[in-house]
There are 2 protein chains.
Amino acid sequence: MALKNQLFLGSFVHCKALDELEYLHNAAICVDQSGTIVAVETECDAVKAKETVFPRLGWGDAEVEVVAAKEGQFFFPGFIDTHLHASQYPNVGIFGKSTLLDWLNTYTFPLEASLSDPAKARQVYTRVIRKTLSHGTTCAAYYATIDVPSTNLLADLCLSLGQRALVGRVCMDQLSPDYYRDTSAETSIAATRASIAHIQAADPAMSLVRPVITPRFAPSCSAALLRQLGALAAEHPTLPIQTHISENAAEIALVRSLFPEDASYAAVYDAVGLLTPRTILAHAVHLTAAEADLVAARGAKVSHCPCSNSALASGAARVRWLLDRGVVCGLGTDVSGGYSASVLAAARQAVLVSRHVSLAGDEGGEGEGERGRERERERLSVEEVLFLATKGGAEVVGLAGRVGGFGLGMEWDAQLVGLGRVDAAGEVEGPDGGDVDVFGWESWPERMAKWVYNGDDRNTKRVWVKGRSVHERR
Amino acid sequence: MALKNQLFLGSFVHCKALDELEYLHNAAICVDQSGTIVAVETECDAVKAKETVFPRLGWGDAEVEVVAAKEGQFFFPGFIDTHLHASQYPNVGIFGKSTLLDWLNTYTFPLEASLSDPAKARQVYTRVIRKTLSHGTTCAAYYATIDVPSTNLLADLCLSLGQRALVGRVCMDQLSPDYYRDTSAETSIAATRASIAHIQAADPAMSLVRPVITPRFAPSCSAALLRQLGALAAEHPTLPIQTHISENAAEIALVRSLFPEDASYAAVYDAVGLLTPRTILAHAVHLTAAEADLVAARGAKVSHCPCSNSALASGAARVRWLLDRGVVCGLGTDVSGGYSASVLAAARQAVLVSRHVSLAGDEGGEGEGERGRERERERLSVEEVLFLATKGGAEVVGLAGRVGGFGLGMEWDAQLVGLGRVDAAGEVEGPDGGDVDVFGWESWPERMAKWVYNGDDRNTKRVWVKGRSVHERR
């Protein structure tokens with residue numbers, strides 16, 4: 001089904017800089033049939049667009065679909081989830097009091113292994129794509145499982161349901177139980193090649209879906225497997241790489257014992273050529289300063305996953321500290337170490353976790369003077385977490401300048417957001433505004449804060465990826 | 001409108017002990033016209049109830065209304081919000097990077113002062129009651145403002161909309177700006193008496209609504225006002241008392257400078273007779289061991305407010321530590337220092353904040369041996385936060401044994417909860433299950449965890465207070 005040219009009208013909000021949102025009101029954005037933004041006009045309504053913009057674009061009125069935001073609604077870039085395990089989605093919220101390593105054995109490996117059943121894989125993957133689209137996630141960096149056919153199915157479903165995605169077959173030839181492990185480094189590489197070939201054939205231009213080289217994490221991979229994955233990455237210089245790093249203390253100790261010759265966890269990946277500008281490192285909670293500098297020097301990116309930071313008691317990642325060192329960061333839901341598939345929930349938790357970072361080592365102290373100012377800097381603002389959720393995420397997944405904002409020439413990955421409006425009698429007017437109540441006096445920045453703190457999928461009225469409408473709330 | 005006798009059928013879940021939920025399936029609960037539970041029967045359906053239970057109760061079939069939970073749904077006790085500022089509701093989510101004392105001046109006092117406008121008060125209070133009812137809050141301990149007529153209006157609205165509530169006129173004769181302050185201790189007491197008289201006249205039996213003596217917090221009250229409020233509490237031995245304690249470091253330092261002769265923050269309240277078994281202390285983040293022991297000895301209760309702990313960077317309250325010392329705890333949303341009016345969201349954040357407590361002083365360490373076990377104990381479970389949200393809260397607000405569970409003779413304050421059910425194709429069946437997806441294989445404890453982690457007002461299908469249906473989701 002070919003797209004029509006589209007005209008979007010109303011208020012547009014996107015990230016101009018890390019700590020600054022740009023608000024375009026009474027604006028118009030034209031998106032062509034390829035899903036590309038070809039005009040961004042301020043002080044422009046439908047009439048003016050037809051009279052002055054369409055002729056310039058060579059558009060006839062009849063072939064344009066018009067989508068106008070209602071009063072109080074706004075268009076916002078689609079969210080980018082830089083880290084989630086599609087195969088773990090059914091387990092969201094289930095982890096008891098476990099921490100990382102026992103959580104893997106108790107909850108995670110059995111579920112992932114069960115997805116080699118194609119019917120179950122289709123059910124779970126369909127659900128996770130629909131669920132994340134409904135929360136405004138237009139691009140996701142997915143871990144599937146070790147199983148090739150179902151990993152390929154995840155990529156096929158992303159294509160058919162219209163979600164932009166990185167899809168990775170998980171590589172792991174040690175640590176996990178016999179029933180869920182690659183039998184050798186060679187079989188792991190062969191299976192990974194098979195999955196890469198399938199996904200590249202399904203979307204040769206990588207217009208929506210790309211394969212991603214996915215060593216689960218260092219402790220799950222033999223030295224031989226890591227080396228061969230590094231070689232595979234060198235052989236495919238356009239493919240992204242994703243893995244985990246430094247999530248919790250027991251894991252770090254395990255890496256130290258497994259790779260005694262490497263100077264650090266980051267050095268393990270670096271030694272085999274897996275620490276690159278195309279590498280997405282999930283967590284990075286406990287990196288040393290030397291590791292952070294190495295990550296920055298290599299241009300590798302970090303997926304900050306605040307929900308699992310808290311839920312698995314891994315620790316509170318120091319995002320400001322990473323940003324200050326020049327490490328590019330985005331947000332990940334980390335389903336199901338994270339309990340929610342919503343990037344908005346991750347953004348909210350990123351604000352809160354940064355408060356806990358600011359309390360560390362000085363419980364209860366407000367702090368004065370320099371430490372007080374440092375403490376305040378560590379706190380992420382609403383604007384900053386929205387940046388991480390969009391523009392930051394785009395850079396993390398290798399799509400900077402292509403998605404994550406509303407610039408000319410970028411692709412239209414967007415969501416239409418609407419909040420609840422309270423009338424004079426204290427009732428909510430109009431369609432379901434979810435849990436967000438706007439009284440009318442709020443400034444736009446205050447509305448954005450209300451959305452971040454109490455918003456959910458009810459506020460995401462409609463979602464587009466590359467110009468295609470992929471979700472609409474009934 | 002007189003109530004009919006009611007028969008509730010299906011699954012009932014409530015808290016048996018701090019760490020234990022009781023599941024009653026295929027059960028029946030009979031609630032009489034006064035809203036009291038008069039029969040709890042297991043292995044009982046409508047037919048059996050009519051044949052064996054109704055005759056015992058002297059009920060004729062025709063005069064009984066039957067409410068049956070659908071497959072997968074369950075009845076749960078209504079939530080008890082032990083601390084929220086009704087007057088601050090419009091500000092939820094709005095606090096920037098502020099901490100307690102600057103947040104009060106920038107965001108809070110101007111809004112509270114504006115509610116002396118009766119139309120605005122009616123709008124805001126109607127909305128907060130409807131909002132919290134829709135989230136399953138059947139009982140709330142409210143702070144209003146210093147204004148008597150609008151405080152009384154809040155109590156009247158609780159009565160007419162059917163929410164059980166403690167309603168407090170806020171007492172404060174110092175610290176805040178001129179435009180929002182009691183002019184003297186005497187006027188503060190007189191205004192408080194006027195509000196108490198109004199609320200007692202509106203609900204003489206205190207069947208739903210009770211006045212609560214409410215010194216805002218020690219720094220807002222002159223020594224004279226605190227003394228006179230202590231005397232007022234002694235004069236009204238059935239009335240509850242609520243205030244704040246030890247939320248953040250700057251506040252504690254301020255109390256020390258204002259009350260140099262008292263040994264501690266808790267001692268300030270104790271010296272004037274405000275630390276009693278009827279006292280609700282919000283926050284208690286930084287109590288010393290001596291203060292916690294004093295609080296326990298006096299039988300005062302703590303309202304734990306995890307959302308504002310994190311949001312205002314106040315610190316992470318050590319709930320296990322308080323419980324271990326014999327301090328009774330419940331949950332508060334602390335609107336709008338807390339960003340959400342939902343007790344379920346507070347329960348979720350209580351789990352997460354307890355993880356940050358377990359990380360304190362040993363960032364990143366898993367901990368082994370004794371510290372490892374201690375660390376694990378500090379983590380609250382799903383069962384425990386649901387206890388705090390119901391039975392714990394009931395004890396905090398002085399309603400232990402009357403609400404918070406489904407025992408014989410207790411009043412029917414309850415919510416009907418339904419979760420989303422994913423079908424084989426990955427679509428969600430039936431009515432809106434909100435953000436919770438159940439695949440079918442989950443145990444009941446796992447369903448409860450999914451509800452706590454991803455549930456919202458969409459899962460609360462219907463709400464009753466004292467037998468009266470007060471909210472139904474369309």
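Analyst: Contact means heavy atoms within 4.5 Å. Before the first case, some ground rules: this is a predicted model, in which local features need pLDDT of at least 70 and side-chain atom pairs count only at pLDDT 80 or more, while totals for chains, interfaces and linings use all residues. Residues are numbered from 1 along each chain as its sequence is written, chains are lettered from A and ligands numbered from 1 in the order in which they are written, and side-chain values use heavy atoms, with hydrogens and water left out.

User: Which residues does A:V38 touch, not counting residues up to four places away in sequence?

Analyst: A:V38 touches A:C30, A:V31, A:D32, A:L57, A:W59 and A:L408. A:V38 is placed in strand β3 (residues 37–41) of chain A; strands (E, at least two residues) and helices (H or I, at least four) are DSSP runs numbered from the N terminus. A:V38 and A:E411 are 373 residues apart in sequence, but their C-alpha atoms are 9.2 Å apart in space.

User: Is A:V38 buried or partly exposed?

Analyst: The terms rest on relative accessible area with a 1.4 Å probe and protein chains only: buried is under 20%, exposed is over 50%, and partly exposed is in between. A:V38 counts as partly exposed because its relative accessibility is 25%. For A:S150 the value is 3%, so A:S150 counts as buried. A:S150 is found in helix α4 (residues 148–161) of chain A. Leaving aside neighbours within four places in sequence, A:S150 is in contact with A:L115, A:A121, A:Y125 and A:T145.

User: How do I read strand pairing, and with which strand does β12(B) pair?

Analyst: Two strands pair if DSSP finds at least two bridges between them. In a regular strand the side chains alternate between the two faces of the sheet. Strand β12 (residues 241–245) of chain B pairs with β13(B) in the parallel sense, over five bridges, and B:Q242 stands opposite B:I280 in β13(B). Strand β13 (residues 279–283) of chain B is mostly covered, with five of its five residues buried. Strand β14 (residues 301–304) of chain B also runs parallel to β13(B), and three bridges join them; here B:L281 stands opposite B:V302. From β13(B) the chain crosses through helix α9 (residues 289–298) of chain B to β14(B), a right-handed β-α-β crossover. Right-handed means that, with the strands pointing away from the viewer, the path from the first strand over the helix to the second runs clockwise.

User: What does the domain assignment of chain A give?

Analyst: Domain bounds come from an automatic or database domain assignment. For chain A it gives domain 1 (5–77 + 404–472) and domain 2 (79–396). The centres of these domains of chain A, taken over C-alpha atoms, are 30 Å apart. Between them, 32 residues of domain 1 are in contact with 27 residues of domain 2.

User: How is the size of such an interface given?

Analyst: The size of an interface is often given as the accessible area lost when the parts come together. Buried area here is the accessible area (1.4 Å probe) that two parts lose on being put together, summed over both. Between domain 1 and domain 2 of chain A it is about 2600 Å², and carbon and sulfur atoms give 65% of it. On the domain 1 side, A:L18, A:V452 and A:Y453 lose the most area to domain 2, together 26% of what that side buries.

User: How many salt bridges are counted between domain 1 and domain 2 of chain A?

Analyst: A salt bridge is a side-chain nitrogen of Lys or Arg within 4 Å of a carboxyl oxygen of Asp or Glu. The count between these domains of chain A is two. A:D413 forms a salt bridge with A:R164, and their closest N and O atoms are 2.7 Å apart.

User: What area is buried between chain A and chain B?

Analyst: The area is about 5700 Å², with 52% given by carbon and sulfur atoms. In this interface 71 residues of chain A are in contact with 72 residues of chain B. The salt bridge count is 14, and A:R130 meets B:E427 in a salt bridge (2.7 Å, N to O).
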